[in-house]
Amino acid sequence: MNMQSLFEIKGRTALVTGSSRGLGRAMAEGLAEAGARILINGTDPVRVAKTVQELRSAGYAAEAASFNVTSEEEIKAAFAALDQAGIAVDILVNNAGIQYRKPIVELDTADWQRVIDTNLTSAFMIGREAAKRMIPRGHGKIVNIGSLTSELARATVAPYTVAKGGIKMLTRAMAAEWAQYGIQANAIGPGYMLTDMNQALIENAEFDAWVKGRTPSKRWGKPEELIGAAVFLSSGASDYINGQIIYVDGGMLAVL
Ligand code: GCO
C-alpha cells in the first residue's frame, strides 16, 4: 500500500462552506496544502475574494463560491454555475455555522430558526445538490462539521445544540442512502476551539478555566488541528468509513 496515495486528494475539488474565516478557513487551507482545489464560500464576497487571493498567493488552487447557505435558490444557482463551468465538487465540507447564546425562555423563534437554518438545513440542501452530482460519478466525500454539542447539551445554546445533534444524525442518514454509490458521508466534532465565534468564552476567565479543567489536553484546540481529520475523511484512506463522527476535542467527550 502506497501511504502517500492513501491520503492523496491532489486534483480533487473541495467546497468548504463558511471558509473565509475560522474553522472553515483552516480546513480549506489544509485541504489546499494537501493538493485539492478549494471553492471558498461565505456570505461576504469581499472576504471571500480576499481569502481566495491569499490561498492563490500561497500557490494553492482556489476559486470563489459566494452564496448564502440558507438560500435554496442561491445554492441551486451556485451548483448550476459550477456545472456550467465544468467544475465537479468531489469533497463537500459542510462547515458553515453560527452561534447564538440565550436561555430558551428568552429565545425568539426567529433566532431559533436562523441557527437551525444556517447550521443544519444548509447541510441538507447543499448535501442534496452535491450528492445529486456525486451519485452518477460513483464517488464523493461529505464531511459535516458537528460539535461537542452533537453529544452533550450546554445551557444557553439550545438551537446550536439541536442543530449539531441533527448534523450527527443527518450524517448517518446520508450514509444510509449514499454509501452504496461510493459516497462516504462522515463528520468531525470539534471541541472548544480558538475561534472568533468563541472569543467571548475565551476572554471569560471562568469559562476559560472550565474548558482547561474539563479537557484532558488542558487547553483549547487550534483550528489547524482539524486538518488531519479533514484530509483523512476527504481521502481514499476513509473509503470504508460511513456515518461516523470523529471528535477532535482534546478528549473532553471521553471523560467525566
Ligand atoms: C459554546 C461554544 C461551543 C463550541 C463548540 C464545541 O457556546 O458552548 O460555542 O458550541 O463552539 O461547538 O464543540
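Q: Which residue of β5 stands opposite N94?
A: N144 in β5 stands opposite N94. This is a predicted model, in which local features need pLDDT of at least 70 and side-chain atom pairs count only at pLDDT 80 or more, while totals for chains, interfaces and linings use all residues. Residues are numbered from 1 along each chain as its sequence is written, and side-chain values use heavy atoms, with hydrogens and water left out.

Q: What makes a run of residues a strand or a helix?
A: Both are DSSP runs numbered from the N terminus: a helix is H or I over at least four residues, a strand is E over at least two. Strand β4 covers residues 91-94, and β5 covers residues 140-145.

Q: How do you know that β4 and β5 pair?
A: Two strands pair if DSSP finds at least two bridges between them. Between β4 and β5 there are 4 bridges, and the strands run parallel. Strand β1 (residues 13-16) also pairs with β4 in the parallel sense, over 3 bridges, and L15 stands opposite L92 there.

Q: What makes β4, α5 and β5 a unit, and of which hand?
A: They form a right-handed β-α-β unit, with α5 spanning residues 109-137. Right-handed means that, with the strands pointing away from the viewer, the path from the first strand over the helix to the second runs clockwise.

Q: Why is S234 called buried?
A: Buried means under 20% relative accessible area, exposed over 50%, and partly exposed in between, with a 1.4 Å probe and protein chains only. S234 has 0% relative accessibility, so it counts as buried. S234 lies in helix α9 (residues 227-234).

Q: What is S234 in contact with, leaving aside its neighbours within four places in sequence?
A: Contact means heavy atoms within 4.5 Å. S234 is in contact with I9, R12, L31, I91, K141 and V143.

Q: Why is M252 called buried?
A: Its relative accessible area is 5%, so M252 is buried. Not counting residues up to four places away in sequence, M252 touches L148, Y192, W210, V211, R214, T215 and P216. M252 sits in the segment after β7 (245-248).

Q: How do you know that the span of helix α3 agrees with its 13 residues?
A: The expected span is 1.5 Å times one less than the number of residues. For the 13 residues of α3 (residues 45-57) this should give 18 Å, and the end C-alpha atoms are 18 Å apart, which agrees.

Q: Which residues of α3 are buried?
A: They are V48, T51, V52 and L55. These residues cover an arc of only 100° around the axis, so they are on the same side of α3. The arc is that of the directions from the helix axis to the C-beta atoms. The face turned away from the buried side carries the exposed residues V46, K50 and S57.

Q: What makes residues three or four places apart in an α-helix point the same way?
A: An α-helix has 3.6 residues a turn, so residues at that spacing point the same way.

Q: Which residues of α4 are buried?
A: I75, A78, F79 and L82 are the buried residues of α4. Their arc around the axis is only 95°, which puts them on the same side of α4. They pack against β1, β2 and α5, whereas E73 and Q84 are exposed on the face turned away.
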